[in-house]
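Thanks for coming, everyone. Please have the viewer open, and follow along as I go.

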Amino acid sequence: MFDESISRWGTHSAKWDLLAAHLGEDALSLSVADMEFATCPAVSRAISDACAAGIFGYTEVFDDFRQAARGWQERRHGWRPETSDVHFFPRIVQCVSALCSIVLPEALGRPPRVVTLDPAYGPILEVVERAGCELRRVPLTLSGDTPSIPEASFAAAMRDADLLLWCSPHNPTGRVWTPEELDLVASLALTYDVLVLSDDIHADFQRPGRGRYIPLATRSPQLWDSGRLIQCASPGKTFNTAGLEASAIIVRGQLGAQLEEAKRLMGLHNPNFFAIPATIAAWSKGDEWVDRLCQRIDANLDVAAARLRARLPRARVIDPDGTFLVWVDARPYLGSSALLDQAVARARVAVSPGEDFGKEYGGFFRINVALPERDLERALDRLCQAILALSTH
């Protein structure tokens, strides 16, 4: 099921036809966080069934979408939000834009002050900066085997802030936050009256024997009931359907209505024709497929961490608790982003450069392990060989 190599050249793929095109036809890509696995058969069937009539008119969001979202949260993560709390956005980044450009400026009379932990997902921060927000970036402590939150600087950044962009599990480091870390977030948010947007798009990827993902809403009912918490979920990563654009934005109280109004102002009206049937199928019929997928991802993460540590022993390789991503500090080998570019070109293997997650992360890179194991091994061998060759010059 997860062993077939599928060519995506010529499919208008951002990962392949844009970002890997300069590397040649024999390139391998470990960059953008979509998978090289075909989606769940139930999702493919739902899309095929939607095509049957040959009519692709406007669609709308009904309670079956909200019920599917609630059911998935309840079965997979032990949380049962009300269906009235579930709102549709095509992408989580659009919800961030709605908050930063419309909802919060209207409420505050000024651009909001936004806190995030670094390294951080670049496209979301681009939206924040383009909206004119004050962005407070708090670097995670990366000196040990497990990235950690610097509590004093985090607390200082949260004081008089308006919005915390929280990523759980964390992209790119793969941290699954502990109950104590979630308690810290909730306590600071409640103390300083900070709205929290929890981007939980990678929540379904958890590893055996590691800490379990906990929705912040279940850890802090007080924060959830206050209406100061937005929980974001999507089938995009889990079912490899990112291009269909469907997210569930789960929030209690008046803020949900404000986001709906902002969505209209942004011109976001009807979902992609395939988004709703695919999402309902994924969240209603995809459990067993996801269980098997997670086994493959866990095995691939083991392969990646072991091979990178063996071939690049001076690099700091974070073995993640969740996601399908590995964050690598390769500065002992790559003194600059230019050297990483050279290694990528020599290896013909695309990765996500560290500077995509913050300008101070030159010499870091992120890899995506969601591809057949033999292709992953080939890519890692080529990449490590190229890095070592450059580091000896």
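Start with strands E6 and E7. They pair in the parallel sense, over 4 bridges. E7 spans residues 229-233. Within that pairing, Ser198 has Gln231 in E7 as its bridge partner. Keep in mind that this is a predicted model.

Now the other neighbour of E6. Strand E5, residues 163-167, runs parallel to E6, and 5 bridges join the two. Look at Cys167: opposite it in E6 stands Asp199.

Next, E6 itself, residues 195-199. Is this strand covered or open? Mostly covered: 5 of its 5 residues are buried. Leu195, Leu197 and Asp199 point one way. Val196 and Ser198 point the other way. Both sets are buried. So keep the cut-off in mind here: buried means under 20% relative accessible area.

On to empty space. Rolling a probe the size of a water molecule over the atoms shows where such space is left. How many cavities of 30 Å³ or more are there? The count comes to 4.

Take the largest cavity. Its volume is about 170 Å³. The lining has 14 residues. Nearest the centre lie Thr116, Ala120, Leu165, Trp166 and Cys167. E5 gives the largest share, with 3 residues. By class, the lining divides into 10 nonpolar, 3 polar and 1 charged.

The second largest cavity holds about 60 Å³ of space. Its lining includes Trp72, Gln73 and His77. Also in that lining are Asp200, Ile201, Ala203 and Asp204. Ala233, Ser234 and Trp283 complete the list. Helix H3, residues 63-77, provides the largest share, 3 residues. The classes here are 5 nonpolar, 3 polar and 2 charged.

Now the backbone. Where are the cis peptide bonds I want to show you? One runs from Asp118 to Pro119, with omega near 0°. Pro119 sits in the loop between E3 and H5. Another cis bond runs from Ser168 to Pro169, with omega near -5°. Pro169 is in the loop between E5 and H7.

Asp160 is not a glycine, yet its phi is positive, about 60°. Its loop lies between helix H6 (151-158) and E5. Is Asp160 buried or partly exposed? Its relative accessibility is 42%, so Asp160 counts as partly exposed. Glu245 is not a glycine either, and has a positive phi of about 60°. Its loop lies between E7 and strand E8 (247-251). Glu245 has 29% relative accessibility, so Glu245 counts as partly exposed.

Last, the record. The unreviewed UniProt entry annotates residues 26-383 as "domain: Aminotransferase class I/classII large". Over that stretch, the chain is 43% helix and 15% strand. The end C-alpha atoms are 14 Å apart.

That is my tour. Over to you.

Key. Residues numbered from 1 in each chain as written. Predicted model: local features only at pLDDT ≥ 70, side-chain atom pairs only at ≥ 80, totals over all residues. Heavy atoms only, no water. Buried < 20%, exposed > 50% of the residue type's maximum accessible area, 1.4 Å probe, protein only. Pairing = 2+ DSSP bridges. UniProt positions renumbered as here; feature names shortened; annotations may be inferred. 1 Å grid on protein atoms, 1.4 Å probe; cavity = no way out; pocket = protein on both sides within 12 Å on 5 of 7 lines; lining within 4 Å. Points joined across faces, edges and corners; volume = space filled by probe spheres on them. Nonpolar A, V, L, I, M, F, W, Y, C, P; charged D, E, K, R; others polar.
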